[in-house]
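Here is a short report on one protein chain. Please keep the sequence and the structure in view while reading.

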Amino acid sequence: MHPTRTTRALLAGTALLAAAALAACGGRTGNQQTAESTKAAVPAPAKKKPAVQGLPGMPPVLDPKDVYAADRPDKLSPVVKDFPSRVYVPNTESDTVSVIDPKTYEIIDTIPVGRQPQHVVPSWDLKTLWVNNNRGHTLTPIDPKTGKAGKPVDVHDPYNLYFTPNGKYAVVMASLDRELVFRDPHTMERVKTVPVTCYGVNHADFSPDGRYFIVSCEFSGELLKVDTEKMEVVGQQKLPFDGAMPQDVKISPDGKRFYIADMTADGMWVLNGDTFTAPSLLPTGKGAHGLYVGRDSREMYVSNRGEGTISVFDFAQHKVTRKWRLPNGGSPDMGGVSADGKVLWLSGRYDAEVYAIDTRTGEQLARIKVGSGPHGLAVYPQPGRYSLGHTGIFR
C-alpha cells in the first residue's frame with residue numbers, strides 16, 4: 001500500500017522537527033563544524049623576532065640592510081641636540097686639544113691634556129668626550145656641552161678607545177702593552193685584560209649584531225677577531241702583503257664586509273668578518289689611513305696620508321669613483337663627517353693643520369693651523385643613538 005500525499009507530507013514534517021530538536025539540544029550544523037575546525041587548525045601567531053639577533057643589551061638594529069641608518073643628516077639624539085657643534089683636535093706633540101668652531105673655521109679654545117693625546121672619543125652614552133693620552137697613561141674627560149675638561153682618569157697605554165654595542169664595557173686598545181683591556185665605561189676600572197700576540201692593536205669595528213669585532217694590528221700586519229661577550233680572541237691572521245700596516249676599520253652598510261685601510265699596501269683590505277678568510281686588496285692611494293662613511297651610506301671617504309688625497313669609494317659599485325687632491329698637498333689622517341654630511345674634517349698629521357673638505361665637490365673649504373702632530377680629531381655632535389668609539393662610529 002503506497003502512502004498518500006498527506007502521509008508523505010506528515011513524515012517529511014516530522015523529520016524536519018526532529019532535526020530542529022537535535023540542533024536545539026546542542027547539535028552542530030555542518031557550517032558550524034567547518035568554521036570551528038578551521039579556527040582550531042590556524043596556529044597562534046608567533047612572536048616576531050628582530051631581523052638581527054643582537055648582543056644582549058644592545059639597542060635593536062634599525063635596518064638590517066644598513067647599520068648606519070641612525071646616522072642620517074642632522075638626526076641628532078636628544079642627548080646631544082643642544083651641544084654646540086665643535087671640532088676637537090688632539091695634538092700629539094703639543095699635549096693639547098684645539099677646539100674649532102666649524103662655522104667660522106677658527107680655534108676658539110686650546111685645552112691642555114696629558115702626554116701624547118692620540119684620539120678624542122665620544123662615549124657610548126654620548127655624554128662625554130674622552131681624550132686618549134697615550135704616553136701620559138690617562139684619559140681626560142671633556143664635557144661637550146660646556147667644552148670644559150674634567151679630572152684625568154688613570155688608564156695605562158690608552159692608544160685608542162672603543163665601546164661594546166650594549167654599552168657594558170669600554171675597550172682600551174693598549175698598543176704597546178699588547179692588550180685589549182675591557183673596562184667599566186664610566187669609571188674606567190679594569191674588568192678583564194686580554195693579552196694579544198700581535199703588535200700595535202689600534203683600530204676596530206663591530207659586526208651588525210655586535211657579537212664580534214675586527215681589530216687591526218699595525219706593527220705586525222695582522223687582524224684579530226674578538227668575541228664581544230666572551231671577551232676572547234677567536235681568530236687571528238697575517239695579512240697577505242709584506243710589511244702590511246693596517247689602520248682604520250669600517251664595516252659596510254649591509255654588514256657583509258669589513259674594510260681595513262693599509263698605509264703600506266696603499267689601499268683597503270676587504271674582509272668577510274663572519275668567515276674570517278683571507279681578504280682581498282682594493283687600491284685607493286698612497287698611505288691609506290682613515291675611513292669615513294657618508295651620511296647617505298652610499299660612499300666612504302678614504303684619507304690617503306702619503307699623497308695628500310681623499311678617495312671616494314662607492315659601496316654599491318665596489319670601487320673608487322673619485323679622488324680629491326688637497327691644494328698644495330698635505331697629510332690627511334683621521335677625522336669625521338659633519339652632522340649635516342656636507343663637510344669632511346681631517347687632521348693634517350705632519351703639517352700641524354686641519355682640513356675642511358666639501359663632500360659634494362671635494363673642494364677644500366678651509367685649512368686651519370693647529371698644534372703639532374694633530375691626529376684623531378672628533379667632529380661633535382654627530383647623528384646616532386650611541387657611540388662605538390674611535391673618533392666617532394655611531395649606530
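## Model and confidence

This is a predicted model. The protein chain has a mean pLDDT of 91. A pLDDT of 70 or more is reached by 87% of its residues. Residues 1–42 stand apart from that picture: their pLDDT is below 50. Beyond near neighbours in sequence, the stretch has 5 contacts in the model.

## The disulfide

The structure holds 1 disulfide. Cys198 and Cys217 are its two ends, with an S to S distance of 2.1 Å. The angle about the S-S bond is -50°, and the link is left-handed. Cys198 lies in the loop between β12 (190–195) and β13 (201–206), while Cys217 sits in strand β14 (residues 212–217), so the bond ties together parts that are 19 residues apart in sequence.

Are the two cysteines buried or exposed? Cys198 is buried, with a relative accessible area of 0%. Cys217 also counts as buried, because its relative accessibility is 0%, and the cut-off for buried is under 20%.

## Strand β6 and its partners

Strand β6 spans residues 138–143. Of its 6 residues, 5 are buried, so the strand is largely enclosed by the rest of the structure. Strand β5 runs antiparallel to β6, and 5 bridges join the two. The β5–β6 hairpin has 4 residues between its strands. There, His137 takes a positive phi near 55°.

Strand β7 (residues 148–149) is antiparallel to β6 and joined to it by 2 bridges. Ile142 has Ala149 as its bridge partner in β7. These two strands form a hairpin with 4 residues between them, and Gly147 in the turn has a positive phi of about 80°. Strand β8 (residues 153–154) pairs with β6 over 2 bridges, in the antiparallel sense. In that pairing, Thr138 stands opposite Asp154.

## Asn132 in strand β5

Which strand holds Asn132? Asn132 belongs to strand β5, residues 129–133. Its bridge partner in β6 is Leu139. Asn132 counts as buried because its relative accessibility is 0%.

## Strand β19 and its partners

Strand β19 (residues 267–271) is mostly covered, with 5 of its 5 residues buried. Strand β18 (residues 258–262) pairs with β19 over 5 bridges, and the sense is antiparallel. Gly267 in β19 stands opposite Asp262. The hairpin of β18 and β19 has 4 residues between the strands. Asp266 in this hairpin takes a positive phi near 60°.

What joins β19 to strand β20? There are 4 bridges between β19 and β20 (residues 280–283), and the strands run antiparallel. Met268 stands opposite Leu282 in β20. β19 therefore has antiparallel pairings with both β18 and β20, and 5 of its 5 residues are buried.

Conventions. Residues numbered from 1 in each chain as written. Predicted model: local features only at pLDDT ≥ 70, side-chain atom pairs only at ≥ 80, totals over all residues. Heavy atoms only, no water. Buried < 20%, exposed > 50% of the residue type's maximum accessible area, 1.4 Å probe, protein only. pLDDT = per-residue confidence, 0-100. Contact = heavy atoms within 4.5 Å. Disulfide = S-S within 2.5 Å. Pairing = 2+ DSSP bridges.
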